[in-house]
Protein chains: 2
Amino acid sequence: MQQAKDAFAKYLLDKGIRNSRQRHAILNIFLKTEKHLTALELYNLVKKEHPGIGYATVYRSLKLLCEAGLCRELKFEDGTARYEHLYGHKHHDHLICTSCGKFVEIIDQEIEGLQEKIFKAHGFHPQRHRMELYGVCKKCKK
Amino acid sequence: MQQAKDAFAKYLLDKGIRNSRQRHAILNIFLKTEKHLTALELYNLVKKEHPGIGYATVYRSLKLLCEAGLCRELKFEDGTARYEHLYGHKHHDHLICTSCGKFVEIIDQEIEGLQEKIFKAHGFHPQRHRMELYGVCKKCKK
DNA sequence: TTATAATTGATATTGATTTTCATTTTCAAA
DNA sequence: TTTGAAAATGAAAATCAATATCAATTATAA
């Protein structure tokens, strides 16, 4: 967690952006909440500890965190944007329970390889991809 | 194309929903435009031939087309919803050029099989998935 | 024909996100 | 320290796509 904070501090320093009290607080709460939060959910958590911090600041900080490579914005089928931790997480895809909302991070080298093959076969220069698997988890099936 | 129209007519009949002039017109224009359109883009096309038809009706018709299994709503990374033809198209994923926006429909049984394996390995009952590959196409690379 | 119900299109509303802007804070130079 | 410029903040307003509302229109079947 300290590494992530340092990485953010370094990013801000490099860009000449200030590591303000608010940004620091928002990063802290983001880091200690290992969930795929929406901006609103994060705002509500932040508000508990720091009632003065506004919605807009949370939004702006989330953008900054993404730029700094600490988090990634995911848009889901229902249109909501959720933010996930990137620092210390390898590239991964998601397996999602449509009943309880559970997220499982998936890494499958075989699939990654096949994706590369598809890019090549169509003459594309690969940039990124997203894969989401939707189903019903063990608990919810019962 | 006639098959698709018949399928839509049948769906409406079964549901006791009327096949109105507007719905018919919107379906026609949707069918003859083999692109991944946004609702607004479709509306603009519709307006050319049928200036009286309103935005809301286009939206409602798109929902109906999706329910009827003729089209599918896709939410992309930029948040825009686009609608693609389903009738006569097998399940497929997408390879997308981030420069010119070109869409290629991808079918890869090997990946599909691996996805099934992932569902099983985590005890999930599979429902659906999405996979999008983003890169730069041959033309745009030059 | 007539009563009923569905559909339409204009408009208003929603909800998430982004922008604006006056105020506050920070930082660096004097 | 002060002070002045620049950046950041928070509240409110603006935006934008999507959805809901509702009076008017249209279609259907008795």
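Across the interface of chain A and chain B the rule finds one salt bridge, a term that stands for a side-chain nitrogen of Lys or Arg within 4 Å of a carboxyl oxygen of Asp or Glu. Its partners are Glu132(A) and Arg130(B), whose closest N and O atoms are 3.9 Å apart. Side chains of opposite charge can pair when their charged atoms come close. The model is predicted: local features need pLDDT of at least 70 and side-chain atom pairs count only at pLDDT 80 or more, while totals for chains, interfaces and linings use all residues. Residues are numbered from 1 along each chain as its sequence is written, chains are lettered from A and ligands numbered from 1 in the order in which they are written, and side-chain values use heavy atoms, with hydrogens and water left out.

**The interface**

The rule also finds 14 residue pairs in polar contact across the interface of chain A and chain B, both residues at pLDDT 80 or more. A polar contact is a pair of N or O atoms within 3.5 Å; within protein, one must be able to donate a hydrogen and the other to accept it, and residues adjacent in sequence count only if both atoms are side-chain atoms.

On the side of chain A that touches chain B, at least two residues each come from strand 4 (93-97), strand 5 (103-106), helix 5 (109-121), strand 6 (125-136) and helix 6 (138-141) of chain A. Helices (H or I, at least four residues) and strands (E, at least two) are DSSP runs, numbered from the N terminus. Strand 6 of chain A gives the largest share of this side, 12 residues. By class, the side has 17 nonpolar, nine polar and 10 charged residues. Here Ala, Val, Leu, Ile, Met, Phe, Trp, Tyr, Cys and Pro count as nonpolar, Asp, Glu, Lys and Arg as charged, and the others, Gly among them, as polar.

The contact (heavy atoms within 4.5 Å) takes 36 residues from chain A and 36 residues from chain B. Between them the two chains bury about 3,400 Å², 64% of it on carbon and sulfur atoms. Buried area is the accessible area (1.4 Å probe) that two parts lose on being put together, summed over both. Ile118(A), Phe124(A) and Arg130(A) supply 20% of the area that chain A buries against chain B, more than any other three residues.

The same surface serves both copies, as 100% of the contact residues of chain A recur in chain B.

**Strands and chain fold**

Chain A has six helices and six strands, and its C-alpha trace spans about 50 × 45 × 25 Å along the principal axes. Three of its strands form an open sheet in the order 1-3-2, with antiparallel pairing. Strand 1 (37-38) and strand 2 (71-75) of chain A are the edge strands, each pairing on one side only. Two strands pair if DSSP finds at least two bridges between them. The table lists antiparallel pairs.

| Strands | Bridges |
|---|---|
| Strand 6 of chain A and strand 6 of chain B | 11 bridges |
| Strand 2 of chain A and strand 3 of chain A | five bridges |
| Strand 2 of chain B and strand 3 of chain B | five bridges |

Between the chains, His125(A) has Val136(B) as its bridge partner in strand 6 of chain B. Within chain A, Leu74(A) stands opposite Arg82(A) in strand 3 of chain A.

The count of salt bridges over all chains comes to 13. One joins the side chains of Arg82(A) and Glu41(A) (3.1 Å, N to O). Arg82(A) lies in strand 3 of chain A and Glu41(A) in helix 3 (residues 39-49) of chain A, so this pair ties together parts that are 41 residues apart in sequence.
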